[in-house]
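Please prepare a report on the structure shown below, moving from the chain as a whole to individual residues.

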Amino acid sequence: MPKQPRHTADASLSLQLSVDRTSPVPLYFQLAQQLEAAIERGSLTPGSLLGNEIELASRLGLSRPTVRQAIQSLVDKGLLVRRRGVGTQVVHSQVKRPLELSSLYDDLEAAGQRPATVVLRNALEPAGAEAAAALGIPEGSDVQLIERLRYAHGEPMALLRNQLPAGLVDCDSERLEATGLYRMMRAAGITLHSARQSVGARAATAAEAELLTEEPGAPVLTMGRTAFDDTGRAVEFGTHIYRASRYAFEFQLLVRP
C-alpha cells in the first residue's frame, strides 16, 4: 500500500495570510479561501498541519470562533481533517475530472496527484448480461475482469472494475499497478476513439466503504463506461465508484445556437 505522507509542523507559518476588514466578504470566508488556494496550488501539502486556532487567530487579529468557522468549512469540503492527538491536517485538494475519454491514472498524474494502484482481482470470468451487451459478445463468453483500488497521495480515491474481451491485452497485474489500463491498451496498438458514459450517485456498501475508508452508506459517485476503438469495436466496459468527498466530475456546457 502507498506510504502515507509525513506530518509537518504548522505549515501555515510559511503562508502570507491576511484579511480585509473593509470588505463585505465575511472574515472567516476570506481566510478559508486563502487556505483552500494554498492547498490547491500545493503550498499546503497533504499531511501538513495547521497551527492551532488560538495561534492562527492571534496572528491574524481574528477571534477564535472566526478561525474555527474557516477551518470547519474546509473540513466540511474534505480538504482538512481534525485528528485527535495530531491536530488539523491537510488531506488533499478534491480531484476534478473532466468528462472525456481519458483514464483516471492519466488525469491524476497530470494533476500532480501521485496515483498508485492495488490490483484486487485479475481473472478470466464468464460475462454477465450487462457486460455481454456492452461488449457485443454472447453472454457467458470469457472476459478479463480487473478490479483495482486507485490511490492519490496515499489515500484511496476510487474502486475500478473493468471488463475487456478475452485476449485483447496482456493484463499483467504488475503492469496494472505501475500504469493505467488505457496506456496498456494504447501500447498494444488499440486506438481509443469514443465512449458511451453515464454518471450517477448512490450510497456505499459496507464492503466498498471499508476499501475506500468511508463510513457505510457514505455517498459515492458512480460511472459506467463502454469504450470503443477506431473500428467501432467495444474494447472495455467499466463500472467505477469514486469517493464523493474527494472527487468531482466537471462538465462543459455549450449554448446551442
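The model is a predicted one, and every value given here is computed from it. The secondary structure of the chain consists of eight helices and ten strands. Of its 257 residues, 46% count as buried, and the chain exposes about 13,400 Å², of which carbon and sulfur atoms supply 51%. When contacts between residues at least 6 apart in sequence are considered, 61% of them join residues at least 24 apart.

**A helix pair and an aromatic pair**

Helix H1, which spans residues 27-41, and helix H3, which spans residues 64-76, have axes that come within 8 Å and cross at roughly 45 degrees. The crossing of H1 past H3 is right-handed. On the H1 side the contact is made by Leu 27, Tyr 28, Leu 31, Ala 32, Leu 35 and Glu 36, which meet Thr 66, Val 67, Gln 69, Ala 70, Ser 73 and Leu 74 of H3.

A pair of aromatic rings is described by the distance of the centres and the angle of the planes. In this model the count of aromatic pairs comes to one. The ring centres of Tyr 28 and Phe 29 lie 6.2 Å apart and their planes stand at 75 degrees, so the pair is edge-to-face. Tyr 28, which is also among the H1 residues that meet H3, is partly exposed at 24% relative accessibility, and Phe 29 is likewise partly exposed, with a relative accessible area of 38%.

Leu 120 belongs to strand E4, which covers residues 115-126. Once residues up to four places away in sequence are set aside, Leu 120 touches Glu 147, Arg 148, Leu 149, Leu 159 and Leu 211. Leu 120 and Arg 161, which are 41 residues apart in sequence, have a C-alpha to C-alpha separation of 9.6 Å.

With residues up to four places away in sequence not counted, Thr 222 touches Ser 198, Val 199, Gly 200, Ala 201, Arg 202, His 240 and Ile 241. For Asp 229, the contacts beyond its neighbours within four places in sequence are with Ile 190, Thr 191, Leu 192, His 193 and Val 235. The C-alpha atoms of Asp 229 and Leu 192 are separated by 4.4 Å, although these residues are 37 apart along the chain.

| Residue | Relative accessible area | Class |
|---|---|---|
| Leu 120 | 38% | partly exposed |
| Thr 222 | 19% | buried |
| Asp 229 | 5% | buried |

Buried means under 20% relative accessible area, so Thr 222, at 19%, is counted as buried.

**A loop residue with positive phi**

Most residues other than glycine have a negative phi. Thr 213, by contrast, has a phi near 55 degrees, which is a positive value in a residue other than glycine. Thr 213 sits in the loop between helix H8, residues 206-212, and E8, and at 49% relative accessibility Thr 213 is classed as partly exposed.

Terms used. Residues are numbered from 1 along each chain as its sequence is written. This is a predicted model: local features need pLDDT of at least 70, side-chain atom pairs count only at pLDDT 80 or more; totals for chains, interfaces and linings use all residues. Side-chain values use heavy atoms; hydrogens and water are left out. Helices (H or I, at least four residues) and strands (E, at least two) are DSSP runs, numbered from the N terminus. Buried means under 20% relative accessible area, exposed over 50%, partly exposed in between (1.4 Å probe, protein chains only). Contact means heavy atoms within 4.5 Å. Accessible areas come from the Shrake-Rupley method with a 1.4 Å probe; for residues, only the protein chains shown count as cover. Rings of Phe, Tyr and Trp (its six-membered ring) pair if their centres lie within 6.5 Å; planes under 30 degrees apart count as stacked, over 60 as edge-to-face and the rest as tilted. Axes are lines fitted to C-alpha atoms, for helices over the stretch in contact, and angles run from 0 to 180 degrees between N-to-C directions. A crossing is left-handed if the near helix is turned anticlockwise from the far one by less than a right angle, and right-handed if clockwise.
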